[in-house]
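Visitor: I would like to learn how to read a structure like this one. Please show it to me and start with a single pair of residues.

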Amino acid sequence: MPTVAADSTAGVGFELTEEQEILRGEVRRFAEERIRPGLAERDRERRFPAAIVREMGEMGLLGMLVEERHGGAGFSPLSYVIAVEELARVCPSTAVTMSVSNSVCCWPIAHFGSEELKRRVLPALASGAGLGAFALTEPGSGSDAGSLQTRAERRGGEWVLDGEKAWVSNAGYATHYVVVARTDPDAGKRGISAFVVPADAPGLEVGEPEKKLGLRASRTAPLAFRECRVAAENLLGEAGQGFKIALATLDHSRLGIAAQSVGIHQRALELAVEYARDRVQFGVPIGRHQGVGFQLAEMATRLEAARLLTRHAALEESGSRAGRLASEAKLFASEAANLACYQALQIHGGNGFSEDYEISRLYRDVRVTSIYEGTSEMQRWVIARHLLLENPARPG
Amino acid sequence: MQIKLSEEQLLLRETVRRFAEEVVRPRAREIDASGEFPRDFYDRAGELGLAGVAVPEAYGGAGMDTVSYCLVIEEISRVCATSGVILSVNNSLVCDPILDFGSEDQKREFLTSLASGEKLGCFALTESDAGSDPAALRTTARRDGDDYVLDGSKIFITNGTHADLAIVFATVDREKRHKGITAFVVPCDAPGLSRGGHEYKLGVNASGTTELVFDGVRVPERFRLGGEGDGFKVAMSTLDGGRVGIAAQAVGIAQGAFDEAVTYAQQREQFGKPIASFQAIQFYLADMSTELDAGRLLTWKAAWAKDRGKRFTLEAAQAKLFTSEMAQRVTNKALQIHGGYGYTRDYDVERFFRDARITEIYEGTSEIQKMVIASAVLGD
């Protein structure tokens, strides 16, 4: 058998390119220097870091997947997950603010919007002059997104939206919302459409911000649409494609949440290792006790597995297995990060239960990763659906 | 980063898969039950270049990379874990140390016949009182003129019943603990070397596991691998590579069980519909698939790291720890999905379930992997 040629275009390799390493270094430096200071206060005061978000836009982090001709940075999905991971390592709130604008606002517009819409909206979003959000979930429609009830009716050259949306990240700070609404009440999932709604559209109201367990420096609020009028040109794709657009968007955005989970997991491990080295009990650093050291080993191993699944899913983002791989990455990474934060807090003992220690915030922040962008249960459902389609039973 | 098998690797995988289905599968259940060592399988694998996948062609091997080697072990183990470990031992634990630590003469004399599959090798480190702590081994190597004389006994030696050559670890001075350990290549027909009977095991039952007894076995100095006292380093470095092979074996076992479970879940009907339509079963399959993909990536990363020529102890330990425990969970769920049928020998999942268990033990237990990883993470 011939040796695999070094210059072959195919092969298995795990090193990042020089460009990706530079990006990682820059985002890490930005996160440490600009985001880390004041982190605990913003969390306590539930304060949205508007200035930092603008700076992220100037760095190109808010239009990472937008083509350069539309004002974006034109990065690959792999570079994107690397950047999200580095932000989340320092501040999961800021990471989700950034990931939402990229993944569930810019991405569907870039993939399903008309050229005119892209030219009109994307440059502002990508530059940080604007910020994006996504409104799918409703008070009565979570995992069962197809049951949404917000209505959109065509009146002349406009669509008129009526209804309520819940759990909208970036609500109130966003300049543009991708909103999913029902345009044909008799057509089920095929009667759903997606729109780009500017924040200043008449009839759009932002409700009281949610008081969340974690991610307190990110903003989440409900939206109300009262005869909210949107130009016909703001329809994404065609009428009736909204459900498909929403599902494709979620397939993609799961990469961002997987990467956010990996960043949190990484930080939890760092904090646990540091504490286990410094804290002495029974005459030795507690990391030397197998009960602690072995937990660190498990955390480090699952972290590597989660990171590889996430990066692999990013590489395969446009392939035939993309949906399954993204859900596997999101499922595994979020569950692993939850476990890692639990173990890291446990290793901190009583100190970990105090707000003086960073791990207590991560422990709250991480909890939502196995819920939003599709719960773990929904990921398992999606994965199983793909598996059973990919592997039709052999006869006999 | 890129995860895309090359043309050569895809071709290799297809070739090995066909070989596994046509040659290995028909006998897998039978050798599991009888414990009969499948020497004919090994001979045919050797003809395909599978006895020394990553050994350069100049020494009789296939000259491929370690990811390719993982593909081979995974595909064989997907059908028969016994056959997988037979190959893994010859490749990782026998060919590799000779390639890495042997002299040019030793490579010509031993490696070529091992890598081509003409001869079968085994690795003799473990003793009754030296398992996870190999530095406690008691087999002695006493210098006598130009020879060494070996005395002692080794247990749990995979391929031991049929091996032609053994890599043997013995101490030249027990006081020196690991610094006295020295490695030798020993022909298994050397006078004074005797083998025990077949060890009947829970799983991988036909892998020729046995005891080797050394009673005044004389080996010339030129059979010593590395210098006196280098043996511990040879053993540890070899086990790093061995762990990559066992990780690939664990992935293969899990994949075999998973494939059976997916098929069975779609065929088996209860409550008037295939059990695959129940959420409980779907969620099992989703978790199994996720863990399998993670395990394969960790394994390939360790293989890639090995080929970069730098130390890959951490990557190998993580891959081995994760995949072996993953295989345990996946085979357990596959059996569960099969219900009572899975508990019988009429279904392969019962064998996969038993075979998976050893992957958490040999080539370093999960606890040893955690010691290795914890020490790396803490920077000790």
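Guide: Take R345(B) and E350(B), whose side chains form a salt bridge at 3.2 Å, N to O. A salt bridge here is a side-chain nitrogen of Lys or Arg within 4 Å of a carboxyl oxygen of Asp or Glu. The model is predicted: local features need pLDDT of at least 70, side-chain atom pairs count only at pLDDT 80 or more, and totals for chains, interfaces and linings use all residues. Residues are numbered from 1 along each chain as its sequence is written, chains are lettered from A and ligands numbered from 1 in the order in which they are written, and side-chain values use heavy atoms, with hydrogens and water left out.

Visitor: Why does E350(B) count as buried?

Guide: Buried means under 20% relative accessible area, exposed over 50%, and partly exposed in between, with a 1.4 Å probe and protein chains only. E350(B) has 10% relative accessibility, so it counts as buried.

Visitor: How many salt bridges are there over all chains?

Guide: The whole structure has 68. One of them joins the side chains of K165(A) and E138(A) at 2.9 Å, N to O. K165(A) is in strand β4 (residues 158–169) of chain A and E138(A) is in the loop between β2 (132–135) and β3 (151–155) of that chain, so the pair ties together parts 27 residues apart in sequence. Helices (H or I, at least four residues) and strands (E, at least two) are DSSP runs, numbered from the N terminus. K165(A) and E138(A) are both buried.

Visitor: What does the pair E358(A) and R267(A) show?

Guide: Their side chains meet in a salt bridge at 2.8 Å, N to O. Helix α10 (residues 358–365) of chain A holds E358(A) and helix α7 of chain A holds R267(A), so this pair ties together parts 91 residues apart in sequence. E358(A) and R267(A) are buried too. Salt bridges can also link into a network, as for a group in chain B that includes R17(B), E21(B), D259(B) and R351(B).

Visitor: How do I read a strand, such as β5 of chain B?

Guide: In a regular strand, side chains alternate between the two faces of the sheet. From β5(B), L165(B), I167(B), F169(B) and T171(B) point one way, while A166(B), V168(B) and A170(B) point the other way. Seven of the seven residues of β5(B) (residues 165–171) are buried, so the strand is largely enclosed by the rest of the structure.

Visitor: Which strands pair with β5(B)?

Guide: Two strands pair if DSSP finds at least two bridges between them. Strand β2 (residues 121–124) of chain B runs parallel to β5(B), joined by four bridges, and C122(B) stands opposite A166(B). Strand β6 (residues 181–187) of chain B is antiparallel to β5(B), over seven bridges, with F169(B) opposite A183(B).

Visitor: How many residues of chain A and chain B are in contact?

Guide: Contact means heavy atoms within 4.5 Å. By that rule, 54 residues of chain A are in contact with 50 residues of chain B. Buried area is the accessible area (1.4 Å probe) that two parts lose on being put together, summed over both. Chain A and chain B bury about 4,800 Å² between them, 66% of it on carbon and sulfur atoms.

Visitor: What else joins chain A and chain B?

Guide: There are five salt bridges between them. The side chains of E304(A) and K301(B) meet in a salt bridge at 2.7 Å, N to O.
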